[in-house]
Amino acid sequence: MKKKNKVNYWLIILIVLLAVILVLSRMQRGAKRAFFRTSEVEQKIDTNKVNDLKINQDDMKIVPDIDKNYLLGKVTPAESSKMTRVSNIYSSRDGLYMHKEAYEAFKKMHEAAQEDGINLIIISAMRTFDHQKRIWENKWNGRQILFGDIYATDIESPTKRALEILRFSAMPGTSRHHWGTDIDLNSLNNNFFKSGDGLKIYQWLQENALKYGFCQPYTPHGKERGGGYEEEKWHWSYMPVANDYYTAYINKISYNDISGFDGSETSSKLNVIKNYVKEIDPECKP
Ligand SMILES: [Zn+2]
């Protein structure tokens, strides 16, 4: 009996020892796992930090989240939360709309100009796709004269016809006027700005517009601006908002989006995004 008891005693000690070893080794493994888990988390955090840095470095390439329809002028300005109605204190006619921020900046610029004896009058502001379509098709179909005694319908080749209209008018879906950030001031005739009151207005804008965020996208063709629309001394753009829309536009809009009007098949042949939308004065570029 005594011998048997001794064997049992050692057996129990052995089992307890094995159990202790087992528990200890598990605890150690658990601690190791926990340690590695922490390391993984740390590694993840580090990767995030690196990604953050990458995003910061590439800020310029982040495409602003602007709806494609908005960029194409396919909105009703009276119903858009981004737009506001222009008071007829500032405009030649009723019913004009502008982007809210651009309008606030314009009001400040208008006030400063008044103090210098300059009266800035908005004659065109936000234009919808449909409005631009009317302008374009009136020219395309010969209902409106192009210049001199030339009608677009006198020109047989569709691309040549489009090129003549594109000297001063944008294709529907490609106008900066769709964005509400761009305005036409005082006169749609460059000659008006070459003498008298017109010259004073233009000189004032050249000296002061930038202080209020406005630039002239369509300066004369030359070294800095190789092509695109002809010079438009009347067209001014509110950069702080327009630059975002420009970046969104050139990243999101394709030639499939520039359709739904007479002659739209020429948009890709003439590469109007590259040759017109992007052909603006470097001062107006993001
Ligand atoms: Zn314009």
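Student: What should I know before I start?

Tutor: Residues are numbered from 1 along each chain as its sequence is written. The model is predicted: local features need pLDDT of at least 70, side-chain atom pairs count only at pLDDT 80 or more, and totals for chains, interfaces and linings use all residues.

Student: How many helices and strands does the protein chain have?

Tutor: Nine helices and six strands. Helices (H or I, at least four residues) and strands (E, at least two) are DSSP runs, numbered from the N terminus.

Student: How is burial defined, and what share of the residues is buried?

Tutor: A residue is buried if 20 or more other C-beta atoms lie within 10 Å of its own, exposed if 12 or fewer, and partly exposed in between, with C-beta atoms placed from the backbone. In the protein chain, 29% of the 286 residues are buried.

Student: And contacts?

Tutor: Two residues are in contact if their C-beta atoms, placed from the backbone, lie within 7 Å. Take the contacts in the protein chain with a separation of 6 or more: 74% of them join residues 24 or more positions apart.

Student: Which residues of H3 are buried?

Tutor: Ala102, Tyr103, Ala105, Phe106 and Met109. They cover an arc of only 160 degrees around the axis, so they sit on the same side of H3. The arc is that of the directions from the helix axis to the C-beta atoms.

Student: Why does a helix have faces at all?

Tutor: An α-helix has 3.6 residues a turn, so residues three or four places apart point the same way. On the other side of H3, Lys108, Glu111, Gln114 and Glu115 are exposed.

Student: What do the buried residues of H3 pack against?

Tutor: Strand S1 (83-85), strand S2 (97-99), S4, S5, S6 and H7. After H3 comes glycine 117, whose phi is positive, near 80 degrees.

Student: What is the strand order in the open sheet?

Tutor: Four strands run in the order S3-S4-S6-S5, with antiparallel pairing. The edge strands, strand S3 (122-124) and strand S5 (214-215), each pair on one side only. Two strands pair if DSSP finds at least two bridges between them.

Student: Where do the side chains of S6 point?

Tutor: In a regular strand the side chains alternate between the two faces of the sheet. His235 and Ser237 point one way from S6, Trp236 and Tyr238 the other way, and all are buried.

Student: Which residues touch the most other members of the largest nonpolar core?

Tutor: Met98 and Ala125, in a core of 53 residues. The largest share of this core, six residues, comes from helix H7 (residues 239-252). Such a core is a set of buried Ala, Val, Leu, Ile, Met, Phe, Trp, Tyr and Cys residues joined through C-beta atoms within 7 Å. Leaving out residues up to four places away in sequence, alanine 125 touches Val86, Leu96, Tyr97, Met98, Gly180 and Ile183.

Student: Last one: where is tyrosine 151?

Tutor: In the loop between helix H4 (129-140) and helix H5 (158-165). Tyrosine 151 counts as partly exposed because it has 18 C-beta neighbours inside 10 Å.
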